[in-house]
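Please look over the sequence and the structure shown here.

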Amino acid sequence: MSVDKDETPSGPVENAWAMEIPEFKAEHNPHGMLEESKFATLFPRYREKYLKECWSLVQAKLSEYNLKCELDLVEGSMTVMTTRKCWDPYIIIKARDMIKLLARSVPYDQALKVLEDDHGSDIIKIGNIVGNKERFVKRRQRLIGPNGSTLKSIELLTQCYVLVQGNTVSAIGPYQGLKHVRKIVIDTMNNVHPIYNIKTLMIKRELMKDPKLRNENWERFLPRFEHKNLSKRKQPLKKKKKAPYTPFPPAQPLSKIDKELESGEYFLKEKEKKAKKAAERREKEAETKVKQKEKREKSFKPPKEKPFASSNSTSKSQDVDVSKLKQKVKAAQKKKVRD
């Protein structure tokens with residue numbers, strides 16, 4: 001590729017991402033390719049109908065770069081290959097990425113952007129990051145957000161097209177933006193909410209506009225989010241306290257013979273042992289009989305009566321206005337006579 005000496009930068013470049021990539025034309029490689037390269041990828045059955053409809057457009061676009069493409073509906077595969085007339089050596093890699101994106105449910109209009117020099121693609125696998133299926137679905141939904149709002153904000157900040165499909169996340173856009181998309185996706189699947197990364201990107205975007213702060217360290221401006229992993233395990237109400245450590249082992253528990261030796265039962269004869277057991281049994285029976293009798297007699301016990309009313313309460317009831325009472329009685333008798 002022939003580039004003028006005036007255009008080549010001398011010394012270190014401040015921002016390599018801002019440099020314009022010169023277009024690679026057919027004039028730069030008039031002899032074409034010596035060897036033919038070929039890439040193939042499989043696609044799921046539900047994409048068959050869409051690929052049939054748009055395959056003529058794919059062939060027309062790839063023919064501009066002198067590339068061939070084949071769609072095998074029996075095997076369920078797409079193939080791209082170079083020809084001798086193809087002049088761009090890297091376009092086959094771009095075409096391979098394009099058919100991979102088409103297989104991952106990316107629409108044709110968006111997958112077409114990969115063929116541009118300043119655009120790239122990244123297919124992020126998220127299926128193996130989380131083991132639990134329910135947790136995986138929740139975190140994937142968190143990446144999309146309510147009505148796709150979180151995904152839209154990621155697209156606006158990174159200038160990339162992002163599509164969440166099954167166990168993969170497909171992204172198309174500038175290379176700098178693809179780095180941010182990958183970080184946000186992997187952090188989200190590792191239980192870091194995407195709003196944290198979105199907030200840092202927004203702050204960086206504002207700091208880039210300020211020429212004074214452009215070359216300074218931004219760590220003091222960026223928010224620091226601590227990962228809090230609170231255990232939801234229920235704690236017991238009564239916790240057992242560990243005894244202080246002693247090098248000596250605990251005393252061996254007494255056997256049945258040792259207990260008999262202590263109480264003196266070991267030296268008793270069999271008749272005496274039986275008599276002792278019988279006496280203990282009688283004592284227990286007597287105790288249970290007493291308890292049962294108390295239970296039966298409980299229902300026959302009279303309830304506790306209320307205490308007798310004091311003299312103050314009787315005096316209050318006796319203080320009645322007799323004249324008013326007579327008037328009430330006369331009034332009631334008159335009503336009866338009228339009726």
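## Ground rules

Helices (H) and strands (E) are DSSP runs, numbered from the N terminus. The model is a predicted one.

## The strands around E3

Start with strand E3, which covers residues 77–82. Six of its six residues are buried, so E3 is largely enclosed by the rest of the structure. In a regular strand, side chains alternate between the two faces of the sheet. Ser 77, Thr 79 and Met 81 point one way from E3. Met 78, Val 80 and Thr 82 point the other way. Both sets are buried.

E3 has two partners. Strand E1, residues 38–42, pairs with E3 in the antiparallel sense over five bridges. E2 also pairs with E3 in the antiparallel sense, over six bridges. Thr 79 has a place in both pairings. Ala 40 stands opposite Thr 79, and Glu 70 has Thr 79 as its bridge partner. E2 and E3 form a hairpin with four residues between the strands. In that hairpin, Gly 76 takes a positive phi near 75 degrees.

## Helix H1

Helix H1 runs over residues 48–63. At 1.5 Å a residue, its 16 residues should span 22 Å, and the end C-alpha atoms are 22 Å apart, so the two values agree. H1 also has a kink of about 50 degrees, centred on Cys 54.

Which residues of H1 are buried? They are Leu 51, Cys 54, Trp 55, Val 58 and Leu 62. An α-helix has 3.6 residues a turn, so residues three or four places apart point the same way. The cover over the buried residues of H1 includes strands E2 (67–72) and E3. It also includes helices H2 (91–103) and H3 (108–111).

## Two nonpolar cores

In soluble globular proteins, nonpolar side chains tend to be buried together. Here the largest nonpolar core has 31 residues. Val 58, Leu 62, Leu 67 and Met 78 have the most contacts inside it. H1, E2, E3, H2, H3 and strand E5 (161–165) each supply at least two residues of this core. The largest share, nine residues, comes from H2.

Met 78 shows how these parts meet. Leaving aside neighbours within four places in sequence, its contacts include Phe 39, Ala 40, Leu 51, Trp 55, Glu 70, Leu 71, Ile 99 and Leu 102.

## Gln 110 in helix H3

Gln 110 sits in helix H3. Is Gln 110 buried or exposed? Its relative accessible area is 19%, and the cut-off for buried is under 20%, so Gln 110 counts as buried. Not counting residues up to four places away in sequence, Gln 110 touches Tyr 161 and Ile 172.

## Cysteines without disulfides

A disulfide is a covalent bond between the sulfur atoms of two cysteines. How many disulfides does the structure hold? It holds zero. Cys 69 is in no disulfide, and the nearest cysteine sulfur, that of Cys 54, is 10 Å away. A disulfide needs the two sulfur atoms within 2.5 Å.

Cys 69 is buried, with a relative accessible area of 9%. Cys 160 also counts as buried, at 4% relative accessibility.

Helix H7 covers residues 194–209. At 1.5 Å a residue, its 16 residues should span 22 Å. The end C-alpha atoms are 23 Å apart, which agrees. Pro 194, Asn 197, Ile 198, Thr 200, Leu 201 and Leu 207 are buried in H7. These buried residues pack against helices H4 (133–144), H5 (149–158) and H6 (175–189).

## Two loop asparagines

Asn 147 is found in the loop between H4 and H5. It has a positive phi of about 55 degrees although it is not a glycine. Asn 147 is exposed, with a relative accessible area of 85%.

Asn 191 is found in the loop between H6 and H7. Its phi is near 70 degrees, a positive value in a residue other than glycine. Asn 191 is partly exposed, with a relative accessible area of 33%.

Note on methods
Residues numbered from 1 in each chain as written. Predicted model: local features only at pLDDT ≥ 70, side-chain atom pairs only at ≥ 80, totals over all residues. Heavy atoms only, no water. Expected span 1.5 Å × (residues − 1). Bend = angle between axes of the 7 residues up to and from the residue. Buried < 20%, exposed > 50% of the residue type's maximum accessible area, 1.4 Å probe, protein only. Contact = heavy atoms within 4.5 Å. Core = buried A, V, L, I, M, F, W, Y, C linked by side-chain atoms within 4.5 Å. Pairing = 2+ DSSP bridges.
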